[in-house]
Amino acid sequence: MAGSLSQALAPLVATVSDPEVVFSYTTDWTGRFTGHADVVVRPESTEQVVATVQVCLAAGAKIQIQGGNTGLVGGSVPPTKSDYAVCLVSTKSLTSIIDFDEISGHITVGAGVTLGQVQDLVRAKGWDFAVDLAARESATVGGLVATNAGGIRVCAFGMTKRSVVGIEMVLADGRVMSNLKSPLKDNTGYAVEDIAIGAEGTLGIITAVKLKLIRPVAETTLYLIPAKSMKSALETLTKVQSSGHQLLAAECVDAVSMQLILDHANFRPLWNEIPKLTLLIEVAGQNVDLELPADALGSSEPAAKRNYWQYREVASDTWTALGKVHKLDVSVAISDLAEFDLSLHNLLSSFKGVELFGAFGHLADGNLHIEFVGPAIDDFAVDYAVLKLVAEFNGSISAEHGIGRAKREYLSLTRPALDIEIGRQIKSVFDPTGLFNPGVLYAD
Ligand SMILES: Cc1cc2nc3c(=O)[nH]c(=O)nc-3n(C[C@H](O)[C@H](O)[C@H](O)COP(=O)(O)OP(=O)(O)OC[C@H]3O[C@@H](n4cnc5c(N)ncnc54)[C@H](O)[C@@H]3O)c2cc1C
């Protein structure tokens, strides 16, 4: 079956057969998830995506969709074992710049264009793209939309969905759904294409996206601020928010994560002692004076700001480098964050098997990335306990990374049964045979 699937696809679309290269597609960014694909294809146009879908449908094979493979929940790689053939469709070659309307501030690009490429392109023309995250050089526009990615500027500009004007998506029967040509204001019934945002590739293959741009904030001031607790970090944030200066980012890194960053990335310590929390707060304006602790470090100088941001941006990969790390991405109401943080600390300390734990994340969104090592990578007892705690705080078990394969068993902790039932009905309308991303978001 695998051989005949490859043979049927080869005349229609570029296929990858070198086992080492195939392995790089079937293993995720963190190395925690590895699956099996019978064939990897790299379509260069929507027509080639349609042809791939039609061949897979006829052959009874399933499709695993992949963008930049930077996802952190195992949703970008196929399952380890399956009783069907799997075709991995990489969107990385869908790289066309379809249209750049510099008057409206809209850019339409192929799904495989990376976030970094969009940023470079639009910044050269006096625009900016509101979404930003550390994996910018690999994460694709299709992946950002499929995961409704968040990142470091959500507190100022919202999640990816706020920047999406139009989507082109290949459906499970090979038809192409598109509202790329629709205007920004278009209240003509259900926003059908928007269903692709955050659907994690379970409803179709996004082939192109029209993005709404913003005007860049030319001058900013970034502060690194030591805080002795989550409570005092939130007090600092409130002060900055009420200062009248536009908040562009408010991030935090705890002491354990900062120690790892200093050790592994070989960065210089910021202060004599690592504080309980290091805050990164960026506001609009040049050399903005804020009421902050005396030992806060600040700069409006671009090179210094880039250097400061590194302390936060390497956090995820620094934990990943430890190997066999458990990664959670949770959110609670900001007003509950200090209490949640204390409960989390007590909970993780109570597990003897947890050798090291820490957190960093998006303070102003109530979003913490919790990392720990110790338990075997397939032992989820601690993960479950943490997610149950999140549910007790009425939080979300996945603030921005999605559900993927990693969190699907826990979805019902924070999503009502009715939501899940309607979600499954939507899946069966778009994808009645379960062609796309089987096992992602919902169990097969
Ligand atoms: C260092 C680092 C930092 C990160 N920081 C953040 C952060 O701050 N905020 C955040 O939200 N995420 C963050 N992420 C996670 C990740 O970068 C995002 O989820 C990103 O949106 C994934 O894009 P991708 O192209 O790599 O998608 P992939 O990882 O390839 O895929 C992710 C999911 O989207 C689906 N998908 C991908 N492309 C398409 C398509 N064209 N059509 C349909 N479905 C598709 C896949 O099937 C999969 O389910 C980070 C990751 C890393 C490694």
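This is a predicted model: local features need pLDDT of at least 70, side-chain atom pairs count only at pLDDT 80 or more; totals for chains, interfaces and linings use all residues.
1. The largest cavity has a volume of about 40 Å³.

2. Cavity lining. Which residues line the largest cavity? They are M258, L262, P269, L270, W271, E273, I274, P275 and T278. By class, the lining divides into 7 nonpolar residues, 1 polar and 1 charged.

3. Domains. The protein chain is divided into four parts: domain 1 (2-93), domain 2 (97-212), domain 3 (220-258 + 270-312) and domain 4 (318-402). Note that domain 3 is written as two segments, 220-258 and 270-312. The C-alpha centres of domain 1 and domain 3 are 42 Å apart.

4. Helices α11 and α12. Two packed helices are described by the angle between their axes and the distance between the axes. Helix α11 covers residues 337-349, and helix α12 covers residues 381-392. Their axes come within 11 Å and cross at roughly 155°. Angles over 145 degrees count as roughly antiparallel, so α11 and α12 are roughly antiparallel to each other. The crossing of these helices, α11 and α12, is right-handed.

5. Helices α7 and α11. Helix α7 spans residues 230-241 and packs with α11 at an angle of about 155°. The axes of α7 and α11 are 8 Å apart. That angle makes α7 roughly antiparallel to α11. What is the handedness where α7 passes α11? The crossing is right-handed.

Key:
Residues are numbered from 1 along each chain as its sequence is written. Side-chain values use heavy atoms; hydrogens and water are left out. Domain bounds come from an automatic or database domain assignment. On a 1 Å grid over the protein atoms alone, a cavity is a set of points where a 1.4 Å probe fits but cannot get out, and a pocket is an open set with protein on both sides within 12 Å along at least five of seven lines; lining residues have an atom within 4 Å of a point. Grid points are joined across faces, edges and corners, and a volume is the space filled by probe spheres set on the points. Ala, Val, Leu, Ile, Met, Phe, Trp, Tyr, Cys and Pro count as nonpolar, Asp, Glu, Lys and Arg as charged, and the others, Gly among them, as polar. Axes are lines fitted to C-alpha atoms, for helices over the stretch in contact, and angles run from 0 to 180 degrees between N-to-C directions. Helices (H or I, at least four residues) and strands (E, at least two) are DSSP runs, numbered from the N terminus. Angles under 35 degrees count as roughly parallel, over 145 as roughly antiparallel, 65 to 115 as roughly perpendicular and the rest as oblique. A crossing is left-handed if the near helix is turned anticlockwise from the far one by less than a right angle, and right-handed if clockwise.
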